[in-house]
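Let's take a friendly look at aromatic rings and the nonpolar core. The structure comes first, and the notes follow.

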Amino acid sequence: MNDTIASLMAHRSVRAFRDTPVTEEQLQTIVAAGQMASTSSNVQAYSVIAVTEPSLKRQLAVLSGDQAYVEQCPLFLVWCADFYRTCRASEMYLGEETTYEDSTESFMVATIDAALAAQNAAVAAESMGLGICYIGGIRNRIAEVAELLRIPELAYPVFGMCVGVPARQSGQRPRLPVEAVLHRNGYDPETSVEAVKGYDVKMVRYLRERTEGRKSTPWSKIMAEWLARPNRLHVRAFLEARGLLRR
Ligand SMILES: Cc1cc2nc3c(=O)[nH]c(=O)nc-3n(C[C@H](O)[C@H](O)[C@H](O)COP(=O)(O)O)c2cc1C
């Protein structure tokens, strides 16, 4: 195991932070490392908004479903898929003839770009001794988040990310065994699904220990409930109104 893999394998989401600010130099390094992620056709269709102002963080914490650590963390990064800048750049050449031929595919390009950059940034932050937690909760009230942060058309906030010095060492959440996710030379449904059984046992043990016996639901049952719940159905109309995901 080398240092990079050791750092990846030590990941856990951090939800309690010290007051220590993230320095400007750290922020620049984290974002620059994020930017070196691969990007479809070099379009770099993402932006990131660094939020440090306490009142903004407070409002974002509320909009994310009262997640206190959004306010508590010294730095909250909002990762956006972004074709606004790309279109503005195109205007330099085509002026008013610039068009954006929206499609599900280009929506995916921007969203994947944002996620890859964010994960690179997360790895960079963790390698510097900082902790992170992704916050998909910002999509609970996505229109209000976009308005609060003045995010323009053709861009949308994909997720937030708390960044800061961890206040304490949190436990590590076990993952599915490699056999569940690794298929060789073609999809192997039997091995993949079978591997979940052992994981259920492991997760029940993990939850019992972590919650002093209060929680013990197997992972597959949690997933059954998750799959059956319609999730953030307002997001589609919001994206369409921004000029995204129309076809
Ligand atoms: C896109 C995304 C959105 C997430 N949103 C939230 C969130 O809103 N609140 C939260 O506490 N954790 C959030 N998480 C963290 C996950 O719950 C966490 O990564 C997962 O349970 C695995 O735990 P670990 O990161 O500690 O290994 C999110 C993670 C991802 C990748």
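Tyr 134 counts as partly exposed because its relative accessibility is 29%; buried means under 20% relative accessible area, exposed over 50%, and partly exposed in between (1.4 Å probe, protein chains only). Phe 159, at 12% relative accessibility, counts as buried.

A word on the source: this is a predicted model, where local features need pLDDT of at least 70, side-chain atom pairs count only at pLDDT 80 or more, and totals for chains, interfaces and linings use all residues. Residues are numbered from 1 along each chain as its sequence is written, and side-chain values use heavy atoms, with hydrogens and water left out.

Rings of Phe, Tyr and Trp (its six-membered ring) pair if their centres lie within 6.5 Å; planes under 30 degrees apart count as stacked, over 60 as edge-to-face and the rest as tilted.

| Pair | Centre distance | Plane angle | Class |
|---|---|---|---|
| Phe 107 and Tyr 156 | 5.4 Å | 15° | stacked |
| Tyr 134 and Phe 159 | 5.0 Å | 85° | edge-to-face |

Phe 107 sits in helix H6 and Tyr 156 in strand S4 (residues 155–164), 49 residues apart. Both Phe 107 and Tyr 156 are buried. Helices (H or I, at least four residues) and strands (E, at least two) are DSSP runs, numbered from the N terminus.

Now for the core, a set of buried Ala, Val, Leu, Ile, Met, Phe, Trp, Tyr and Cys residues joined through side-chain atoms within 4.5 Å. The largest one has 56 residues, of which Phe 76, Tyr 156, Cys 162 and Val 163 touch the most other members. Helix H6 (residues 104–127) gives the most to this core, with nine residues.
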